[in-house]
There are 2 protein chains.
Amino acid sequence: MLVGFGNVGRQFVHLLDELSPALAARGIEPRVVGIVTRRHGALFDEAGLDAVAAARRVSGGSVLGSAAPPSLPDLVGRLRSQRVETRVLVETTTLDIRFGEPAISHVRAGFAAGAHVITANKGPVAFAYRALAREAAAAGVSFLFEGAVMDGIPVFNLVRETLPGVTVRGIRGIVNTTTNFLLSAMERGEAYADALARMQAEGIAEADPSLDVDGWDAAAKTAALANVLLDANIDPTRVRREAVVPDTAGRARAALGQGRRLKLVATARRRDEGTGEVDAYVQLEELAASDPLAATGGHGNALELDTWPLGRVVITQRDGGLEQTAYALFSDLITAVTRGRGRS
Amino acid sequence: MLVGFGNVGRQFVHLLDELSPALAARGIEPRVVGIVTRRHGALFDEAGLDAVAAARRVSGGSVLGSAAPPSLPDLVGRLRSQRVETRVLVETTTLDIRFGEPAISHVRAGFAAGAHVITANKGPVAFAYRALAREAAAAGVSFLFEGAVMDGIPVFNLVRETLPGVTVRGIRGIVNTTTNFLLSAMERGEAYADALARMQAEGIAEADPSLDVDGWDAAAKTAALANVLLDANIDPTRVRREAVVPDTAGRARAALGQGRRLKLVATARRRDEGTGEVDAYVQLEELAASDPLAATGGHGNALELDTWPLGRVVITQRDGGLEQTAYALFSDLITAVTRGRGRS
């Protein structure tokens with residue numbers, strides 16, 4: 001069941017089709033039984049519907065079906081009635097990042113219906129990770145969100161699946177593309193307004209970029225990372241923020257003149273071992289050329305994990321975008337189904 | 001059963017002790033039933049021996065026990081006779097990197113005894129990956145080698161566990177610490193011989209550094225990466241190599257003067273999709289500052305995976321060493337035991 005069918009959701013169904021051999025190899029036969037949108041209607045078919053055709057229809061501007069989007073209780077009822085081996089809710093609605101909704105409610109609707117929930121939204125994990133993780137465990141389902149930070153680059157999966165026993169002591173990263181692009185343009189002499197307009201024309205920045213440039217998006221990602229990797233229990237309002245403003249250009253150029261790069265760095269560190277208390281902030285920092293985060297340019301993101309016993313490990317995304325975010329949902333789908341089998 | 005008990009093997013038993021809570025949480029109770037060394041004798045106790053005490057004894061210069069190292073058939077017999085839930089052979093012998101031995105023979109001895117084999121040696125995977133993977137599958141055991149490249153940084157695990165369905169089209173990386181350290185020193189004006197002597201004094205470079213500086217170690221790692229990630233079937237002799245020599249200093253300084261870094265880059269790329277044919281080489285390249293590999297300094301290593309659909313993903317190790325290599329064995333141990341349970 002897909003809730004939300006915008007660019008990411010549609011890209012996801014295309015990827016599901018392209019990567020079907022990888023699913024078949026794992027004995028997974030996906031069946032899309034419902035698509036719910038806010039403005040393009042809803043479509044249900046328990047026998048499985050042609051999601052690729054539906055994606056083309058919506059991309060072409062058509063509505064999906066005549067059904068109105070169901071209420072949350074209706075959604076739970078519909079999901080629960082599906083006769084499938086494994087129920088999965090794929091959540092990709094437009095997020096109000098200030099509150100994490102409606103994604104959080106959709107996640108809970110999935111749990112209530114005994115469905116695994118996978119989402120590309122950072123809201124649920126930034127605002128309510130601890131509660132949702134507990135509720136998922138109680139419902140015996142998975143709650144996965146690899147796409148919330150750094151698109152499809154495995155960040156949460158890297159720690160969960162490949163670093164058993166490792167303690168993450170802190171994280172620092174460049175996790176917001178708009179501000180990173182803006183700083184790179186300004187250090188080369190482009191004016192703030194010009195760079196922003198160019199990015200909006202290229203579809204990199206939102207029409208209203210305020211959530212990016214004021215550090216809010218990075219703060220939400222910092223809260224998500226801290227909650228999952230550092231056992232914190234914070235929300236984005238607890239993350240100190242610094243904004244990228246037109247006057248920042250001077251600092252960016254001066255830094256470059258000295259062989260350094262001005263970057264908006266998201267940081268979270270455990271205050272004491274075991275308490276779950278963290279210091280978390282998003283601030284402008286001049287990075288030396290030898291810092292692996294300094295080379296992050298254009299569409300790139302990077303995250304450094306300070307760990308024991310592996311020391312500092314950095315994972316860098318050089319190419320980001322919709323297809324990568326869709327892949328995050330795909331890998332979460334495989335994890336949820338595979339893990340669900342292990343349980344039963 | 002530990003075969004080889006040098007620095008890495010001894011660090012592994014210390015880590016096994018320190019991380020025992022992480023094992024207990026997974027229901028894993030490790031029991032070291034034998035330690036085989038080439039020069040310090042061997043020790044066996046089916047009830048489980050005190051490996052930490054044994055490590056201290058060997059580190060202090062004492063021999064382990066009066067038993068002579070067993071022949072390969074004896075080793076197989078001893079392993080097979082162990083009454084344990086899961087048999088694991090931990091291989092950390094000194095490698096003859098030109099042939100991959102004796103590690104390859106030890107890996108096969110493990111398979112013959114029905115044991116999972118985990119090794120920090122790159123020889124087996126560089127020289128005989130395809131055959132050994134087939135033999136492991138036939139024996140129903142795991143063959144794992146995360147420590148072969150980039151110490152404990154998850155490279156093979158990253159792809160296997162977190163990137164389902166992803167195609168790796170090519171890899172490029174900085175995978176040899178000695179040459180990377182040497183190039184960094186020479187670009188700052190230090191002479192080749194002085195830098196090498198300093199590294200030998202600090203224990204970074206071998207007494208005979210020729211396998212590092214002539215690119216052989218990097219070539220072996222390139223073969224390992226190509227065999228596992230690109231479905232190749234090559235050995236290190238098939239990897240073209242370039243050496244770091246005293247004259248390289250001039251190139252390194254000139255590159256730095258232009259804001260670039262001269263690095264020994266290991267590359268492997270698929271020639272055509274699906275054939276397993278690859279181009280693989282190790283060569284000196286001047287990298288732009290915007291290249292994430294360029295910032296790799298000191299003890300750092302970095303690997304870029306060119307993938308579909310995730311684009312280019314880089315994983316960087318900022319701190320390398322014995323403890324990291326030991327961690328690779330630890331994570332492989334968890335993978336082998338957990339996976340073995342899934343099978344039964």
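1. In this predicted model, 28 Å separate the centres of domain 1 and domain 2 of chain A, taken over C-alpha atoms. The domain assignment places residues 2-152 and 323-343 of chain A in domain 1, and residues 167-308 in domain 2.

2. The two domains of chain A touch one another: 12 residues of domain 1 are in contact with 20 residues of domain 2. About 1,300 Å² is buried between domain 1 and domain 2 of chain A, and carbon and sulfur atoms give 73% of that area. On the side of domain 1 of chain A, the residues that lose the most area to domain 2 are Arg130(A), Val149(A) and Met150(A), which together account for 39% of what that side buries.

3. Polar interactions also occur between these domains. Five residue pairs in polar contact are found across the interface of domain 1 and domain 2 of chain A. The count of salt bridges between the two domains is one. Elsewhere in the list of charged pairs, Lys122(A) forms a salt bridge with Asp217(A), with the closest N and O atoms 3.3 Å apart.

4. Met150(A) deserves a separate remark. Most residues other than glycine have a negative phi. The phi of Met150(A), by contrast, is positive, near 60°. Met150(A) is placed in the loop between β6 (143-144) and α7 (156-162) of chain A. Is Met150(A) buried or exposed? With a relative accessibility of 2%, Met150(A) counts as buried.

5. Chain B also holds a residue with positive phi: Asp231(B), which is not a glycine, has a value of about 55°. Asp231(B) is found in the loop between α11 (216-229) and β8 of chain B. The relative accessible area of Asp231(B) is 44%, and Asp231(B) is therefore partly exposed.

6. Two cis peptide bonds in chain B may be examined next. Most peptide bonds are trans. The bond from Glu101(B) to Pro102(B) is cis, with omega near 5°, and Pro102(B) lies in the loop between β4 (88-91) and α5 (103-112) of chain B. Trp308(B) and Pro309(B) are likewise joined by a cis peptide bond, with omega about 5°. Pro309(B) lies in the loop that runs between β11 (301-308) and β12 (311-317) of chain B.

7. Strand β10 of chain B spans residues 278-287 and is mostly covered, seven of its 10 residues being buried. Which way does strand β9 (residues 261-270) of chain B run relative to β10(B), parallel or antiparallel? The two strands run antiparallel and are joined by 10 bridges; within this pairing, Ala266(B) stands opposite Val282(B). Strand β8 (residues 240-241) of chain B runs parallel to β10(B), with two bridges between them. Here Arg240(B) stands opposite Tyr281(B).

8. The contact between the chains takes 41 residues from chain B and 41 residues from chain A. The area buried between chain B and chain A is about 3,500 Å², of which 61% comes from carbon and sulfur atoms.

9. Four salt bridges are counted between chain B and chain A. In one salt bridge, the side chains of Arg312(B) and Asp319(A) meet at 2.9 Å, N to O. Across the interface of the two chains, 13 residue pairs are in polar contact. On the side of chain B that touches chain A, at least two residues each are supplied by α1 (7-18), α7 (156-162), β11, β12 and α13 (322-343) of chain B. The largest share of that side, seven residues, comes from β12(B).

Key: Residues numbered from 1 in each chain as written. Chains lettered and ligands numbered in written order. Predicted model: local features only at pLDDT ≥ 70, side-chain atom pairs only at ≥ 80, totals over all residues. Heavy atoms only, no water. Buried < 20%, exposed > 50% of the residue type's maximum accessible area, 1.4 Å probe, protein only. Helix = DSSP H or I, 4+ residues; strand = E, 2+ residues; numbered from the N terminus. Pairing = 2+ DSSP bridges. Domains from an automatic or database assignment. Contact = heavy atoms within 4.5 Å. Buried area = accessible area lost by both parts, 1.4 Å probe. Polar contact = N/O pair within 3.5 Å; in protein donor to acceptor, adjacent residues only side chain to side chain.
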